Amino acid sequence: MPFKALELSAPVLRGIVAAGYAEPTPIQLRSIPVVLSGRDLVGSAQTGTGKTAAFALPILSKLGAHGRTRVLVLEPTRELAAQVETAFRDFARFTDIRSVALFGGVGYGAQRQELKRGVDIVVATPGRLLDYLKSGE
């Protein structure tokens, strides 16, 4: 079954092709319809099976266009937060949806600028997210 049969938005389908994906993986085949329908999902699969795309692709399709912050993804490490945010950005390349990764170990400047500019998706580690929430930003 091709990605097109999963009823993802046209811009997201373009992003999938540009990212070099051809066919959905088993976790993507099972997850994408569930997320698109608005139901909750808990999934588990080995590393490298496409878990990020399994939730990112339907989220991007449902968001449609740029607006206010509507998605929060929590990741346990800055490496995972950066990786997941990059995936969102890559898949959303043909949309105006904006994302930011918030994690420690770096200054607040660039992250703060992105938040002020306006983002749809925040991918954060818990510690840095709490820093921003406590500061009122």
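Arg 128 is found in helix α6. Helices here are DSSP runs of H or I with at least four residues, strands are DSSP runs of E with at least two, and both are numbered from the N terminus. Before I go on: this is a predicted model, in which local features need pLDDT of at least 70 and side-chain atom pairs count only at pLDDT 80 or more, while totals for chains, interfaces and linings use all residues. Residues are numbered from 1 along each chain as its sequence is written, and side-chain values use heavy atoms, with hydrogens and water left out.

Back to Arg 128. At 6% relative accessibility, Arg 128 counts as buried; buried means under 20% relative accessible area, exposed over 50%, and partly exposed in between, with a 1.4 Å probe and protein chains only. What does Arg 128 touch, not counting residues up to four places away in sequence? The list is Leu 102, Phe 103, Gly 104, Gly 105, Val 106, Gly 107, Tyr 108 and Gln 111. Contact here means heavy atoms within 4.5 Å.

Arg 128 also lies over the face of Tyr 108, at 3.8 Å from the ring centre. The criterion is NZ of Lys or CZ of Arg within 6 Å of the ring centre and within 35 degrees of the ring normal. Arg 14 is placed over a ring as well, that of Phe 94, at 3.9 Å from the ring centre.

Now the aromatic rings. The structure holds 4 aromatic pairs. Rings of Phe, Tyr and Trp (its six-membered ring) pair if their centres lie within 6.5 Å; planes under 30 degrees apart are stacked, over 60 edge-to-face, and the rest tilted. Tyr 108 and Tyr 132 make an edge-to-face pair, 5.5 Å centre to centre with 70 degrees between the planes. Tyr 108 lies in the loop between β2 (99-102) and α5 (109-117), and Tyr 132 in helix α6 (residues 126-135), so the pair ties together parts that are 24 residues apart in sequence. Tyr 108 is partly exposed, with a relative accessible area of 30%, whereas Tyr 132 is buried, at 2%. Elsewhere, Phe 3, Tyr 21 and Phe 91 form one aromatic cluster.

Next, the chain overall. It has 6 helices and 3 strands, and from the N terminus on the elements run α-α-α-β-α-β-α-β-α. The radius of gyration is 15 Å, close to the 14 Å that the globule rule gives for 137 residues, so the chain is as compact as a globular protein of that length. That radius is taken over C-alpha atoms, and the rule is 2.2 Å times the number of residues to the power 0.38. The C-alpha trace spans about 45 × 30 × 25 Å along its principal axes. Of the 137 residues, 38% count as buried. Of the contacts with a separation of 6 or more, 57% are between residues 24 or more positions apart.

On to the strands. Strand β1 runs parallel to β3 (residues 121-124), and 4 bridges join them; two strands pair if DSSP finds at least two bridges between them. Val 71 stands opposite Ile 121 in β3.

Which residues touch the most other members of the largest nonpolar core? Leu 57 and Phe 88 do, in a core of 27 residues. At least two residues of this core come from each of α1 (10-18), α2 (26-36), α3 (51-63), β1, α4 (78-91) and β3. The largest share, 6 residues, is from α3. Apart from this core lies another, of 7 residues, including Leu 102, Val 119, Ala 124 and Tyr 132. A nonpolar core is a set of buried Ala, Val, Leu, Ile, Met, Phe, Trp, Tyr and Cys residues joined through side-chain atoms within 4.5 Å.

Leaving aside neighbours within four places in sequence, Phe 88 is in contact with Phe 55, Ala 56, Ile 59, Leu 60, Val 73, Ser 99, Ile 121 and Val 123.

Pro 58 lies in helix α3 and is buried, with a relative accessible area of 0%. Beyond four places in sequence, Pro 58 touches Leu 8, Ile 32, Val 35, Leu 36 and Ala 53. Glu 7 is in the segment before α1 and counts as exposed, at 67% relative accessibility. Phi of Glu 7 is near 65 degrees, a positive value in a residue other than glycine.
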